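Colleague: I am new to this structure. Could you walk me through how to read it, feature by feature?

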Amino acid sequence: MFGTKIKAQFPIFQAHPNLVYLDNAATTQKPKMVIDGITNFYQKENANIHRGIYDLAAQTSAKYEKVRTKVADFIGATSPKSIVYTSGTTASINLVATSFLSPRLVAGDEVLISMMEHHANLIPWQMICKAKGASLRVIPINADGSLDMNAYKQALSPKTKMVAITHISNALGTINPVAKMIALAHQKDIPVLVDGAQSTAHYPIDVNALDADFFTFSGHKVFGPTGIGILYGKQALLETMSPSQYGGDMIRSVSFEETSFAPSPQRFEAGTTNIAGVIGLGYAIDFLNQLDKKAIGVYLKSLGKYAQEQLSAIDGLTIIGTASEKTGIISFTLQDIHPHDIASFVGANNIAIRAGHHCTQPLMKHLKLPATSRASLSIYNTQEDIDLLVAAIKETVDFFVI
Ligand SMILES: Cc1ncc(COP(=O)(O)O)c(C=O)c1O
């Protein structure tokens, strides 16, 4: 089902037949049905939503709202009213920080994040903590890159007003035990936001079973377009939140003296949103719904294991992040060759990997590393892709190490 067979559905690999794309944590490639769906929308369906009453506008509005239901079903939410369209994970987290947490936070409170957070799940909390005189508390990690759960349990206190945790680390590949973490936080009535940017393309997500208060993901990391993302929030929580942007399509009534807002989720979607992005995301979910999502998780975990075994057999290569619960995101260092040199060397062989701090500078500082190289896998990758990477890295060693 996966690997070469599914690769045929991604036109980029016809345009670049020799491309070995191993930068899926940054963004995934797009299947033909998503590209065609967006083209079709602009060619045959384009109109603004929620405004016009002519047929085209009504049909587009209906399609736009149908995607909301599709997203809700896709992540196990009970109601489309829990689904807010945003521009991506970053925007979703910022919305929760400013509209949910900020009004509730006072001096002396704490917000709990982990050491492995992407900057998107760090800076928004840091900024509101600073503004309110609250503290950002950081859950440490173990030597293998797993979360220190004892430290987490101890950190939960009456001062904790929010837990924000990544489901899967984009820098280490670690899968965090979010269900357990949410249950522990809820014992103390602490709300939890799960950053699902890396998990949504890897696993079936069930926000209801997880009992997550908020869950975020980005369209472009789940085979959809850029510029569209999702904030899932428990309806009761979303209804307590004020909008953070004001304008058209989010109001109930407006006068020069005052404005009353539409109920959520509309009140969080001011102005003309990314309609084509929503439509494209709908096709990406259709694409994923044709696949066995549990099998995707199994495939990526086992291909990741293969990659880790093959890479760690290279002399001088160190895998960064070896937690037992890990998926196909493999960070590594190679002797003292700079990760950028590795990425550009293998890039010359048409192999796309990432090098850098992966928007996790505090994690890199903790690991005492300036950067790592990272291969991140998706459903169209094969063992052959890994073998080509391994061969290119061996050539890199031969080139740099005399
Ligand atoms: C774990 C994690 N969180 C958040 C983000 C931010 O996602 P976006 O740039 O799509 O908003 C990323 C992106 O790489 C990520 O990996």
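Colleague: Which strands does helix α13 lie across?

Modeller: This is a predicted model, so read it as such. Helix α13, residues 339-347, lies across β12, β14 and β15 (372-376). Its direction is about 160° to that of β14.

Colleague: How do I read the sheet of four strands, and what is its order?

Modeller: Start with the general idea. Strands of a sheet pair through backbone hydrogen bonds, and the pairing is either parallel or antiparallel. Here the sheet is open, and the order is β11-β12-β15-β14. The pairing is antiparallel.

Colleague: Which strands stand at the edges?

Modeller: β11 (317-320) and β14 (354-356) do. Each has a single partner strand, so one side of each is left without a neighbour in the sheet. From one strand to the next, the twist averages 30°.

Colleague: How many bridges join β11 to β12?

Modeller: Four bridges join β11 to β12, residues 329-334. The two strands run antiparallel.

Colleague: Now the domains. How is the protein chain divided?

Modeller: Domain 1 covers 4-22 + 292-400, and domain 2 covers 34-289. Taken over C-alpha atoms, their centres are separated by 28 Å.

Colleague: And how many residues are in contact between domain 1 and domain 2?

Modeller: One general point. The size of an interface is often given as the accessible area lost when the parts come together. Here we count residues instead: 25 of domain 1 are in contact with 22 of domain 2. On the domain 1 side, α12 (293-312), β12 and α14 (361-367) each give two or more residues. The largest share, six residues, comes from α12. By type, that side of domain 1 divides into ten nonpolar, eleven polar and four charged residues.

Colleague: Is Glu384 buried or exposed?

Modeller: Count its C-beta neighbours. Glu384 has 11 inside 10 Å, so Glu384 counts as exposed. Its place is in helix α15, residues 383-400. From Glu384 to Gly108 is 53 Å, C-alpha to C-alpha, and the two are 276 residues apart in sequence.

Colleague: Last, the ligand. Which residues come nearest?

Modeller: There are 13 residues around the ligand, and Gly88, Thr90, Asn170, Ala197 and Ser218 come nearest. The shell divides into three nonpolar, nine polar and one charged.

Key
Residues numbered from 1 in each chain as written. Predicted model: local features only at pLDDT ≥ 70, side-chain atom pairs only at ≥ 80, totals over all residues. Near = placed C-beta within 6 Å. Nonpolar A, V, L, I, M, F, W, Y, C, P; charged D, E, K, R; others polar. Buried ≥ 20, exposed ≤ 12 C-beta atoms within 10 Å, placed from the backbone. Pairing = 2+ DSSP bridges. Axes fitted to C-alpha atoms, helices over the stretch in contact; angles between N-to-C directions. Contact = placed C-beta atoms within 7 Å. Domains from an automatic or database assignment.
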